[in-house]
Amino acid sequence: MAQVKEHRAAGTSGEIRHVLPELPYDFAALEPYIDTQTMQIHHGKHHQAYVTNLNNALSKHPELLTRSLEELLRGINAVPDDIRTTVRNNGGGHHNHSLFWTIMAPAGNGGGGEPSGKLGDAIKRTFGEFAKFKEQLSTAATSQFGSGWAWLTVANGKLEVAGRPNQDSALMDEKIPILGVDVWEHAYYLKYQNRRPEYVTAWWNVVNWQEVARRYEAAL
Ligand code: MN
């Protein structure tokens, strides 16, 4: 499974730019749970727009292009006033979606089931059992008002579930995101219309636990 380790690349003229990562699978790979057209528009239009808007904002302060995306988000309050909101929304959007693509995989071929190993143990320790964790994250996702995400994060070795609005990143409050479900309408409306809970239920079938476990162990 491809991993997004670097969100930037050198352009043809040598300047550093943030780039749209390729999907680690085909647009149709998450069918029938997430439909092909949603994947195409979500990745090619929405995520691309976050990358483009981020680059445009940073071009006003080119010295910031030498910072990693994680550094920018962790230090969001130090980003100059005139571009801070744009970096928060679009840098957050770039980071959130780059993670999102990797923590999904085709159902039955890397996607779905339950985590084992250290992550499985930590989930049981923290939430009692996997089903309770699943219920808590699903509730955070379905009850998030308006656009946002529900996240599983790690801070000081501890797991936590919380909803966050818009494209706010857990990095902005010193937590490391390891799993997130996008509940912006653009993530599900073509197939599920207003039925967000149905989308969230379906999404569990494509969670790539191997990648979430890798991110968990890296965060410790
Ligand atoms: Mn999205």
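Is phenylalanine 130 buried or exposed? In this predicted model, phenylalanine 130 has a relative accessibility of 8%. Buried means under 20% relative accessible area, so phenylalanine 130 counts as buried. Phenylalanine 130 belongs to helix H5, which covers residues 130-143. Leaving aside residues up to four places away in sequence, phenylalanine 130 touches Gly113, Glu114, Pro115, Ile123 and Trp209. Arginine 8 is 122 residues from phenylalanine 130 in sequence, and the two C-alpha atoms are 36 Å apart in space.

The chain can next be taken by domains. The domain assignment gives domain 1 as 8-21 + 35-102 and domain 2 as 117-219. Between the C-alpha centres of domain 1 and domain 2 there are 21 Å. The two domains also touch: 21 residues of domain 1 are in contact with 24 residues of domain 2.

Next comes a pair of helices. Two packed helices are described by the angle between their axes and the distance between the axes. For helix H1 (residues 36-58) and helix H3 (residues 81-102), the angle is about 145° and the axes are 8 Å apart. H1 and H3 cross in a left-handed sense. On the H1 side, the residues that meet H3 include Met39, His42, His43 and His47, and also Tyr50, Asn53 and Leu54. On the H3 side, the residues that meet H1 include Ile83, Asn89, Asn90, His94, His97 and Trp101. By class, the contact of H1 with H3 has eleven nonpolar and twelve polar residues, and no charged ones.

Asparagine 90 is part of helix H3, and touches Ala49, Tyr50, Asn53 and Leu54 when residues up to four places away in sequence are not counted. The relative accessibility of asparagine 90 is 11%, so asparagine 90 counts as buried.

Histidine 186 has a relative accessible area of 18%, so histidine 186 is buried.

Some backbone details remain, each in a loop. The peptide bond from glutamate 31 to proline 32 is cis, with omega near 0°. Proline 32 is located in the loop between strand E2 (16-18) and H1.

Where does asparagine 166 lie? Asparagine 166 is in the loop between strand E4 (158-165) and E5. Although asparagine 166 is not a glycine, its phi is positive, at about 55°. With 38% relative accessibility, asparagine 166 counts as partly exposed. Glutamate 174 is found in the loop between E4 and E5 too. Glutamate 174 has a positive phi of about 60° and is not a glycine. The relative accessible area of glutamate 174 is 72%, so glutamate 174 is exposed.

Terms used
Residues are numbered from 1 along each chain as its sequence is written. This is a predicted model: local features need pLDDT of at least 70, side-chain atom pairs count only at pLDDT 80 or more; totals for chains, interfaces and linings use all residues. Side-chain values use heavy atoms; hydrogens and water are left out. Axes are lines fitted to C-alpha atoms, for helices over the stretch in contact, and angles run from 0 to 180 degrees between N-to-C directions. Helices (H or I, at least four residues) and strands (E, at least two) are DSSP runs, numbered from the N terminus. A crossing is left-handed if the near helix is turned anticlockwise from the far one by less than a right angle, and right-handed if clockwise. Contact means heavy atoms within 4.5 Å. Ala, Val, Leu, Ile, Met, Phe, Trp, Tyr, Cys and Pro count as nonpolar, Asp, Glu, Lys and Arg as charged, and the others, Gly among them, as polar. Buried means under 20% relative accessible area, exposed over 50%, partly exposed in between (1.4 Å probe, protein chains only). Domain bounds come from an automatic or database domain assignment.
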